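I opened my notebook to look into the inside of a protein model. Here is what I looked up, entry by entry.

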Amino acid sequence: MSDAAASHATDRRELSAAQRNAVAELLRVSPVADELGRRFAAAGHELHLVGGSVRDALLGRLGEDLDFCTDAHPDQTLGIVRGWAEAIWETGREFGTIGCQRDGLRLEITTFRAESYDQVSRNPVVEYGTNLTEDLRRRDFTINAMAVSLPDHRFTDPYGGLADLAAKVVRTPGTPAESFGDDPLRMLRAARFAAQLRFAVHPDVYAAMTRMAADLDRITAERIRDEFTKLLCAADPITGLRLLVDTGLAERFLPELTGLKLEIDEHAQHKDVYEHTLTVVRNAISYEQDGPDFILRMAALMHDVGKPATKAVGSDGRVSFHHHEVVGARLTKARMKALRYPKDITAKVTALVALHLRFYGYGRGEWTDSAVRRYVTDAGDLLSRLHKLTRSDCTTRNRRKAAQLAADYDALEERIARIAAEEDLARVRPDLDGNAIMELLGVPPGPIVGQAWKYLKDLRLERGPLDRDTAEAELLRWAREQGIGS
């Protein structure tokens with residue numbers, strides 16, 4: 001058999017497997033989908049399962065959210081689903097979408113669209129289309145431009161999505177320039193699908209992403225944020241991140257990532273910070289236990305972004321990045337704020353970046369129990385993630401050094417566990433509470449109580465738990481030194 005014939009045979013087997021997956025998945029949801037299709041048909045309208053739902057059915061992983069398209073307008077769709085759906089929502093009505101729920105499935109039904117952008121604004125101009133083929137052409141990629149008609153299960157694939165699914169390639173129904181011109185966010189979506197599905201981006205798509213990267217500036221920070229988050233939480237974010245950097249898209253919204261490509265001086269050898277970062281992200285993923293952890297992955301991605309600004313070459317030719325964790329935390333906070341991430345998420349990622357170097361030096365035996373308590377207290381509820389990030393950051397090829405670092409961190413975790421068993425490290429508090437402080441010092445609520453509380457907490461971190469008499473004596477001694485109550 002020739003190579004070409006063998007390739008076609010492989011494609012046919014993959015297509016056949018995909019079609020079997022689709023049949024099994026569609027049979028699972030067909031009681032609801034077919035019933036809905038019959039209701040639309042009885043009202044004189046078409047209904048098609050479409051887009052990601054068909055793609056996921058072919059991949060054997062159809063979820064509980066189903067997407068449909070129809071020639072019915074929103075008011076007509078509402079009339080068809082009322083009395084049948086268990087719940088209805090109209091939040092997407094201005095875009096032609098009516099949502100509803102039935103038997104645990106979430107259904108979104110959208111009128112055929114001939115949607116386009118005006119090439120300037122950030123929002124689509126929604127115009128209703130008249131047929132399925134036109135609706136499929138406006139979709140982002142061929143693998144999302146397939147449909148299954150209901151209730152007869154007729155398969156429609158005018159742009160070769162099934163073949164692209166078998167070939168594992170991301171391609172646009174029309175020209176990439178036309179597709180990305182309509183919605184530049186699709187360039188970021190191409191990288192996201194490559195990361196989620198482990199697909200390759202078609203050369204024409206890649207070229208258009210590179211040529212049109214600046215068009216991403218038309219898109220709101222919130223839409224970019226949501227798409228990037230999906231990419232970073234995908235099965236293979238490294239593929240997506242490389243695409244963003246290589247096409248120039250990262251430069252439009254995450255220039256710190258591109259900035260990691262430091263020029264390596266042959267006389268001042270140091271790690272390729274960009275490649276090191278991607279390795280740290282990959283390592284961090286290996287430590288996840290309950291699915292993708294965006295906070296951990298983002299911290300791994302951003303942990304060294306302060307290095308370009310702090311790079312220095314000493315008189316001995318050695319490269320240093322002093323305080324890059326401080327600079328990196330500041331850059332991370334600013335970038336995540338620009339991308340409109342929630343403050344609590346930003347604070348956690350920023351804290352991990354700031355803390356990621358704290359461990360180094362532990363192996364030299366310089367850490368007291370006080371230092372361990374401060375490490376745990378400063379990490380707070382991020383301690384588990386900090387463990388994972390610190391371990392992920394060890395990418396040295398020197399096996400002896402890697403083994404020593406791992407052993408040192410094992411020792412630190414064991415020490416934390418030992419001290420935690422003796423003291424309640426998860427909730428380090430002063431040995432006297434605010435009421436006891438006020439009573440002992442004879443002061444009302446105010447700044448003095450806060451200062452005393454902080455002093456006692458620092459003392460607790462330094463010396464461990466104190467008995468009541470010792471704590472009171474230390475507080476009174478501090479008060480005398482501060483001139484309080486004298």
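I began with a word I needed: contact means heavy atoms within 4.5 Å. With that settled, I looked up Phe-228 and found that it touches Leu-188, Leu-241, Leu-244, Phe-253, Leu-254, Met-298, Leu-301 and Tyr-341, with residues up to four places away in sequence not counted.

I noted where this all comes from. The model is predicted, so local features need pLDDT of at least 70 and side-chain atom pairs count only at pLDDT 80 or more, while totals for chains, interfaces and linings use all residues. Residues are numbered from 1 along each chain as its sequence is written, and side-chain values use heavy atoms, with hydrogens and water left out.

**Entry: the cores**

I wrote down two terms first. Buried means under 20% relative accessible area, exposed over 50%, and partly exposed in between, with a 1.4 Å probe and protein chains only. A nonpolar core is a set of buried Ala, Val, Leu, Ile, Met, Phe, Trp, Tyr and Cys residues joined through side-chain atoms within 4.5 Å.

Which residues touch the most other members of the largest nonpolar core? Among its 104 residues, they are Phe-68, Phe-228 and Leu-244. Helix α7 (residues 185-197) gives the largest share of this core, 9 residues. I also found a second, separate core of 14 residues, including Val-443 and Leu-475.

For helices I used DSSP runs (H or I, at least four residues; strands are E, at least two), numbered from the N terminus. Leu-475 sits in helix α23 (residues 468-482) and is buried, at 0% relative accessibility.

**Entry: helix α10**

I checked how covered helix α10 (residues 237-247) is: 8 of its 11 residues are buried. Leu-241 and Leu-244 are among them. Just after α10, Gly-248 has a positive phi of about 90°.

**Entry: aromatic pairs**

Rings of Phe, Tyr and Trp (its six-membered ring) pair if their centres lie within 6.5 Å; planes under 30 degrees apart are stacked, over 60 edge-to-face, and the rest tilted. I counted 3 aromatic pairs by this rule.

Why is the pair of Phe-141 and Phe-193 edge-to-face? The ring centres are 5.8 Å apart and the planes stand at 85°, so the pair gets that label. Phe-141 is in the loop between α4 (132-137) and β6 (147-149) and Phe-193 is in helix α7, 52 residues apart, so I noted a link between distant parts of the chain. Phe-141 is buried at 0% relative accessible area, and Phe-193 is buried at 2%.

Phe-228 came back here: its ring and that of Phe-253 have centres 5.6 Å apart and planes at 70°, so this pair is edge-to-face. Phe-228 lies in helix α9 (residues 221-232) and Phe-253 in helix α11 (residues 250-253), so the pair ties together parts 25 residues apart in sequence. Both residues are buried.

**Entry: a buried Asp**

Is Asp-135 buried or exposed? Asp-135 is buried, with a relative accessible area of 0%. I found Asp-135 in helix α4. Apart from neighbours within four places in sequence, Asp-135 is in contact with Cys-69, Thr-111, Phe-112 and Arg-113.
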